[in-house]
Amino acid sequence: MSPVIPIHTDSGCSDAPVLRERGQREVFCGLTGIIWLHRKMQDAFFLVVGSRTCAHLVQSAAGVMIFAEPRFATAILDERDLAGLADAQDELDRVVQRLLERRPDIRLLFLVGSCPSEVIKLDLSRAAARLNQRFNPQVRVLNYSGSGIETTFTQGEDACLAALAPELPAAPAPAEPELLIVGTLADVVEDQFSRLLTAMGVKRFAFFPSRRSTALPAVGPNTRLLLAQPFLGDTARALEARGAQRIPAPFPLGAEGSAAWLQAAGAALGLAPDVVSRAIAPARQRAEQALAPHRAALAGRRVFFFPDSQLELPLARFLARELGMELVEVGTPYLHRQHLAEELAWLPAGTALSEGQDVEKQLDRCRAARPDLVVCGLGLANPLEAEGMTTKWSIELVFTPIQGFEQAADLAGLFTRPLHRRQLLAA
Ligand code: SF4
């Protein structure tokens, strides 16, 4: 009798059930995105139209994270009745005029809406159109909302890029396919990807957002868009409306994720898989070697994700497949099935997935499971640490360069460090 070869089939989580919760949530608002967007877009300025709370949030988040001359500010709108709204528009015009006189380096100005009721009553798109007429072409004025109602903090970037998408110049048609990488990446990561794409033989590629608003990439039917971040649903839709075609791919986290992301780009541009493999082999090998000690530290450890950044699924896939961690629950604020199809397929079958949040219920599940590591927002980290759990702030994963081969070990290190620290404390 021939031996029976056991075949392990793992269909991933493509069709897995998802627990949907719509209760109280613990998340930051979309204004937070200004912190990394203003670093990337070097001639842009973000003027938040909001309350003292908004000013405080942006200042305290930015004060901790950045040291450069700020390219953001808050125009504080105090309590006004409807009759005061005309004055508010005039006041906003005056603030913008003063700002642009003082800062001639600004070429792109975002009016960023917030959630206080006085701001919601103010029509910021009208204000942006009026100011644009006045200051264009020297300064382009756009608006988007960073409001905390029904958003997650990464949606601020989505809203900002979706507002900028109609401003991209039209690509001349018909032409060879051109790659457009969409989503804010740290400059160092962008430079590494540029080198890899060049080594693959890709000649026509661009990044959105670009570092300067005077060099926005073109978009059209020949554009093949490759998402670098999983939270850009509206931006992708706006670019698709301009004719761009999205390349289905997992996200470039970890050695495996980065390789598959670049392979997907290569395939969309007509490159043979072995050409891509050869070009990326040294970087991939370095990443795999650098991950080995982290795998030894993390394999078999149990991790629980609270929903916060929308990066949860790609991160969970990386931790499970490349580092051998066990996924207790993977919560995400919003699950975009299309953009995350490849990630879902790569998650181990049977992973508990949840979308949205009912924070008390989720805390109960987490306490009952006693995972080794909890990835969560700042608001939950301290109480959970006080209960003896080890946590990782999910916001740090957005502020830190984590994409690509060279960053794979740094990304793993963000998970090994808190466990190591806990071990030292226990000793
Ligand atoms: S936009 Fe809303 S949630 Fe965000 S800081 Fe301002 S008031 Fe708070």
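A residue is called buried if 20 or more other C-beta atoms lie within 10 Å of its own, exposed if 12 or fewer do, and partly exposed in between, with C-beta atoms placed from the backbone. The model is predicted: local features need pLDDT of at least 70, and side-chain atom pairs count only at pLDDT 80 or more, while totals for chains, interfaces and linings use all residues. Residues are numbered from 1 along each chain as its sequence is written.

View A. Q310 is buried, because 26 other C-beta atoms lie within 10 Å. This residue sits in the loop between β10 (302-305) and α11 (312-323); helices (H or I, at least four residues) and strands (E, at least two) are DSSP runs, numbered from the N terminus. The phi of Q310 is positive, about 70 degrees, although the residue is not a glycine. Most residues other than glycine have a negative phi, and most peptide bonds are trans.

**View B. R370, also with positive phi.** R370 lies in the loop between α13 (359-369) and β13 (373-376). Its phi is positive at about 45 degrees, and R370 is not a glycine. With 13 other C-beta atoms within 10 Å, R370 is partly exposed.

**View C. Two cis peptide bonds.** The bond from N136 to P137 is cis, with omega near 10 degrees. P137 belongs to the loop between α5 (124-135) and β5. F208 and P209 are likewise joined by a cis peptide bond, where omega is about 10 degrees. P209 is placed in the loop between β7 and β8 (223-227).

**View D. The shell around the ligand.** There are 13 residues around the ligand, and C29, C54, S114, C115 and G148 come nearest; a residue counts as near a molecule or strand if its C-beta atom, placed from the backbone, lies within 6 Å of it. Helix α2 (residues 52-65) gives the most to this shell, with three residues. By class, the shell has six nonpolar, seven polar and no charged residues. Ala, Val, Leu, Ile, Met, Phe, Trp, Tyr, Cys and Pro count as nonpolar, Asp, Glu, Lys and Arg as charged, and the others, Gly among them, as polar.

**View E. The annotated cysteines.** An unreviewed UniProt entry places the feature "binding site" at C29, C54 and C115. These positions are spread over 87 residues of sequence but cluster in space, the largest C-alpha distance being 9.4 Å. UniProt positions are given in the numbering used here, feature names are shortened, and annotations may be inferred rather than shown by experiment. C29 is in the loop between β1 (18-22) and α1, and counts as buried with 22 C-beta neighbours inside 10 Å. C54 lies in helix α2 and is buried, with 26 other C-beta atoms within 10 Å. Leaving aside neighbours within four places in sequence, C54 is in contact with L31, V48, T74 and S114; contact requires C-beta atoms, placed from the backbone, to lie within 7 Å.

**View F. Helix α6 and its cover.** Nine of the ten residues of helix α6 (residues 155-164) are buried, so the helix is mostly covered. The buried residues are Q155, G156, E157, D158, A159, C160, L161, A163 and L164. Their cover includes α1 (34-40), β4 (108-113), β5 (140-145), β7 (205-208) and α8 (233-241). L161 has 24 other C-beta atoms within 10 Å. Apart from neighbours within four places in sequence, L161 is in contact with F208, P209, L232 and T235.

**View G. Packing of α9 with α11.** Helix α9 (residues 254-268) packs with α11 at an angle of about 120 degrees, and their axes are 8 Å apart. That makes α9 oblique to α11. Axes are lines fitted to C-alpha atoms, for helices over the stretch in contact, and angles run from 0 to 180 degrees between N-to-C directions. Angles under 35 degrees count as roughly parallel, over 145 as roughly antiparallel, 65 to 115 as roughly perpendicular and the rest as oblique. G254, A255, E256 and G257 in α9 meet P314, F318, R321 and E322 in α11. This contact has three nonpolar, two polar and three charged residues.

Conventions:
Two residues are in contact if their C-beta atoms, placed from the backbone, lie within 7 Å.
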